[in-house]
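Please look through the sequence and the model shown here, and then follow the explanation below.

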Amino acid sequence: MSTQAEDVAAGGGRADATSDSPSAAAPLEAFDDQHTAMASEKSQFLAFEVQGRELALPLDLIGEIIRPPAITPVPLSPACLIGVFSLRGSVLPVVCLRRATGDEGDVDEDGQRILVLRRQPRLGLRVDRVQRVFSAVAPEAAEQSSDAGDVALMTRGALQDQSRILQLLDVDAVLKRQLGDWQQSANSAEGAVAERAESPDGSHRQHQAERIVVSLRVAGQAFGLDALPVREILDCPEQISPVPRAPEAMLGLAALRGATVPLFSLRRLLDFPETERGRRVVILPVGDAGLCIGLVVDDVEEVLRIPENDIGPVPQLNDAGTEEFAGVYRLPEGRGGHAGVGAGLLTLLDVEAFLRTHRLAAMAERMVDRHGAKMGRDARRSGRQETGNMRQFVIFELEGQSFGAPIGIVREILRLPDKLTGVPSAGSQVEGVINLRGRVLPVVDMRRRFGLPVGQRDESQRVLVLDLSGQRVGFIVDAVSEVLKVDEEQISDAREMAASRADWVAGVIRRSDDAGMVLVLDQSRLLEAETLEELETVS
C-alpha cells in the first residue's frame, strides 16, 4: 500500500484534488470532452488493484482514500453493495468492486481501501489495494473493453505508466450495471423526503384522541409514561456510583451516552420495597440546562396507544394527593399480567407533575454539582438541547442490526404469542394472524421481508404493530431495544442511500455513541401495494 497515493488523494497532489468544484463533481461522461483536446498532455491517475487486475481512475474523481470503517449492512440491497458508513456527518453507500466481478474469495483485508468518489450522491468503492499515483496521457477515445470474461468491470481504454499498461475503469458503466439508474432514484427520493417533511413523526394521519404510552413494570404493577418526553430507554448500567447522603430514592450517578446521569428508583419513589435492582432505565430531560435523569424500572413492557376516552380518573384511596397520576387505563384481557392488586390496570404517571412533586430536577442538579463538578459540566455539555426538530423512533433489532420505526406509525408492541393461526391462502411473507381485542391482525416475519435467515422463536422476540396506510400489520422482530429521540440533523435522508436500491429506507440515524447507525423504515414502501391488499383481505 502506497501512502503517497493516500496523501495525494487527501490533498497533497494536484491543487484541485480535493476541492468541491463543479468540474470535479461531474460524472465520467464528461471525461472525454475534457481530455480529448488535451490528448498530448498528461493527467494524474490513481492506480489500484481488484482481483489481481490493475485498474485506474482519474485522480480528480476521487475525494479521499480511507481504511474501511465499521460498515452497516442494508438488507435487500444488491450483492455488490456491502453497506453504508458515516463520514463526517454524511452516510455513504459502499460498493465492493471485487463482488461486482462475482468473486467473494479471500483478500488481504489490511490492504483494502475505500475510494470516496467526488460526486453527488456520494459513494465509496472498496478495492483490494491502492498502488500509486501516476501521470499518463488520457486515452483519445472511450472504448468499452471487449474482455467478455470480466464484463462487470468495464473499462474506457488503456493507460501507459512507464512499462505497465493499466485499464481506465468506466465507473459509471459499472455502477449502472450493478445498481441500475440509482442517480435517478436519488432524485425520486428527494421528492419523498419533502413529502415526509410535512409529517415529522412519519405518520400521514394524526390521531388526536389517542395517547402514546410506554408501559413499565414496577413491583408487579403496570405503570405508564407519556412517550413524548422520553429521551431513551436503556439497559440499567452495571456500574452506578453511589452519592453520600443522597436521598433514599437516588441510586447514584452513572455514565450514559457520554453524560453523567442521576438515577432514581421508581420503586422507591412510589413507596415500594427495593427487593431487586431494575433492569431498564427511562431517560427523561429535566430543566433547561440539558441535564437528564434516569428512572430505574423493573422492566419496559410495550408501547401502547390508548384512546383518551378510555382513561379513567385515579381513585382517591387516602389523604395523599393524586396530582402526580394522570389516570387509570384498564388493559385488555391477558395483558398487564400479574394476579393480585392492580392486575389488568395501567396507572398513568403525569411526568411533569411527578418530577415536580418529587423535586427530581432540583435534586439532580444539586447532586451532580456537589459530587462531581467536572462530571456536572460534562453532563451539561453532553446533554442534547431539545429543539423543535426532535423526532422519536422505536428501535428494534434484526440479525444484530438496528432499525427504527417512526413512533407515529407504531400502534403497539406485543409479546410474540406461542402460536399463530395459519392462513393457507396467504402469501409467503404472512406467518399467520392473531386475535387482538377482537380484531384479526396479520403478522409478517420481518426477517423474511428483508431476506434474512429465519431462526427459532425465543422470548426476546416481539410483534411490532405498525399502521401502514390505514392497515395494521404486526411484524415479528428479534427484539425491541429502546425508544430513541434524535434531532433531525442526525438523520441522513434517503437521497444518500439511493445506491443501496433499498427503497424501504427513509433515512439513516447517525448515533453519537458507539452503537452504530440505525436504518429508518419508510412506511409507505415497507410492503408492496399488492401485499397490503392481501393483508387487508386476511384481516
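**A strand pair, its sheet and a helix**

Ile66 stands opposite Ile114 in β6, and in that strand the bridge partner of Ile62 is Leu117. This is a predicted model, in which local features need pLDDT of at least 70 and side-chain atom pairs count only at pLDDT 80 or more, while totals for chains, interfaces and linings use all residues. Residues are numbered from 1 along each chain as its sequence is written, and side-chain values use heavy atoms, with hydrogens and water left out.

Strands (DSSP runs of E, at least two residues) and helices (runs of H or I, at least four) are numbered from the N terminus. Strand β3, residues 62-66, is joined to β6, residues 113-117, by 4 bridges, and the two run antiparallel; strands count as paired if DSSP finds at least two bridges between them. Of the 5 residues in β3, 5 are buried, where buried means under 20% relative accessible area with a 1.4 Å probe, protein chains only.

The open sheet has 5 strands in the order β3-β6-β7-β5-β4, with mixed pairing. Because β3 and β4 (81-87) stand at the edges with a single partner strand each, one side of each is left without a neighbour in the sheet. Helix α5 packs on this sheet and touches β4, β5 (90-96), β6 and β7 (123-127), contact being heavy atoms within 4.5 Å.

Asp170 lies in the loop between β10 (164-169) and α5 (171-179). Asp170 counts as buried because its relative accessibility is 12%.

Note on methods: Buried < 20%, exposed > 50% of the residue type's maximum accessible area, 1.4 Å probe, protein only. Axes fitted to C-alpha atoms, helices over the stretch in contact; angles between N-to-C directions.
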